[in-house]
Amino acid sequence: NKQVILRDYITGYPREDDLYISTSKIKLEVPQGSNAVLVKNLYLSCDPTMQFRMRKAEYRLSGYYYYVPGSPINGFGVAKVLDSGHPSFSAGDLVWGTTFWEEYSLIQNPEKLYKIQHTDVPLSYYTGILGMPGITAYAGIFEVGCVKKGECVFISAASGAVGQLTGQFAKLLGCYVVGSAGSQEKVDLLKNKLGFDDAFNYKEEVDLDAALKRYFPEGIDFYFEQVGGKMLDAVLLNMKDHGRIAICGMISQYNLPHPEALENLLHIAFKRLTVKGFSQRDHYHLYPKLLETVLPYIREHKLVYVEDIVEGLENGPAALVGLFSGRNFGKQLVKVASE
Ligand code: NDP
């Protein structure tokens, strides 16, 4: 059983060699009397917050569990059930949810596995649009942001797993949507394939405030925050009075020893802004609504979901750390095996 193992806890940017590949033996059956589920992993999801779980004790955030050095890391994935001691699952079921970075996993707590009911769409989508990033984007736009038709919406990290969906959801609502991303190719994707009204490469802007004024001369109604730091500081100068910010993540800050100081926080008060942080963990009740909304759009090709799939577990570590340099083009995932 090939596995991706954490070498040791880290500080700062994760590196490819913080993880290594190892092989162990696994019995391909669930032990008698156990309610575990044995799965064959098909796709594994690369998510920025996996860095949190690799951190040394002094840099940890409360509310997260931590990987164990010498053991396989875990995360979201899509898998096929090979054997089950749990009444909710049977051999042959396709599932998505929390699994381990290895070929086969014995999952002791299958409560975090969800049965896949719709298989006429790509199975890999259950790591993205039909999985955790889908719930995040749906919650961010519809429940946290309460985005309305006609609003001016700005999305950072717009071409990624969550960003590409939030932008398309806001477009479906009839908003004016602009995204930022870290390369010309990603900007072209946003404008030409994902239907954003406009987009810019934040790495090429010397003055982010001026860039935002160019795209939002009247100001921003709703900002979907995924990067933090200098971008957030510039956005605060460009929000409309009573604007709303949903804080989904702040990837630019995850690997810094101390978060960057912001200069423009007072604008939250001046402009009477609503700033709301949220976690996908609180929004699983929206999953049926997400499916009901996006499945028809996927089938009718009215929603596009761009994936960056690397083949083989051994290429997983590079794919995961690549999230922090923007190597991924769309949702980053690893194909481990075919069904
Ligand atoms: P993405 O697919 O967007 O991949 C990460 C992207 O972040 C990279 O491709 C890169 O794009 C951008 N990036 C990396 N480093 C920086 C930096 N220093 N400054 C600006 N941009 C950077 O990841 P996800 O869609 O999975 O996640 C996006 C954000 O949402 C993250 O902050 C993540 O933690 C958060 N999140 C929060 C959830 C929640 O429940 N609140 C759930 C899921 C995700 P580029 O080339 O454009 O720079």
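The views below show a predicted model.

**View 1. Packing of helices α4 and α5 in the predicted model**. Helix α4 spans residues 208-215 and helix α5 spans residues 229-238. Their axes lie 9 Å apart and pack at an angle of about 45 degrees. The two helices, α4 and α5, are therefore oblique to each other. In this pair, α4 passes α5 in a right-handed crossing.

**View 2. Crossing of helices α1 and α2**. The axis of α1 comes within 9 Å of the axis of helix α2, which covers residues 163-172. The axes of α1 and α2 cross at roughly 40 degrees, and α1 and α2 are therefore oblique to each other. The crossing in which α1 passes α2 is right-handed.

**View 3. Residues around the ligand**. The ligand has 31 residues around it, of which G160, A161, G182, G249 and G326 come nearest. Two or more residues of this shell are given by each of the elements α1 (132-144) and β15 (331-335). Sorted by class, the shell around the ligand holds 15 polar, 13 nonpolar and 3 charged residues.

**View 4. Domains contributing to the ligand shell**. Domain 1 comprises residues 2-128 together with 306-335, and domain 2 comprises residues 132-281. From each of these two domains, the shell around the ligand draws at least three residues.

**View 5. Confidence of the predicted complex**. For the protein chain, the mean pLDDT is 97, and 100% of the residues of the chain reach 70 or more. The complex receives from the predictor an ipTM of 0.99 and a pTM of 0.97.

Note on methods
Residues are numbered from 1 along each chain as its sequence is written. This is a predicted model: local features need pLDDT of at least 70, side-chain atom pairs count only at pLDDT 80 or more; totals for chains, interfaces and linings use all residues. A residue is near a molecule or strand if its C-beta atom, placed from the backbone, lies within 6 Å of it. Helices (H or I, at least four residues) and strands (E, at least two) are DSSP runs, numbered from the N terminus. Ala, Val, Leu, Ile, Met, Phe, Trp, Tyr, Cys and Pro count as nonpolar, Asp, Glu, Lys and Arg as charged, and the others, Gly among them, as polar. Domain bounds come from an automatic or database domain assignment. pLDDT is the predictor's confidence in each residue, from 0 to 100. Axes are lines fitted to C-alpha atoms, for helices over the stretch in contact, and angles run from 0 to 180 degrees between N-to-C directions. Angles under 35 degrees count as roughly parallel, over 145 as roughly antiparallel, 65 to 115 as roughly perpendicular and the rest as oblique. A crossing is left-handed if the near helix is turned anticlockwise from the far one by less than a right angle, and right-handed if clockwise.
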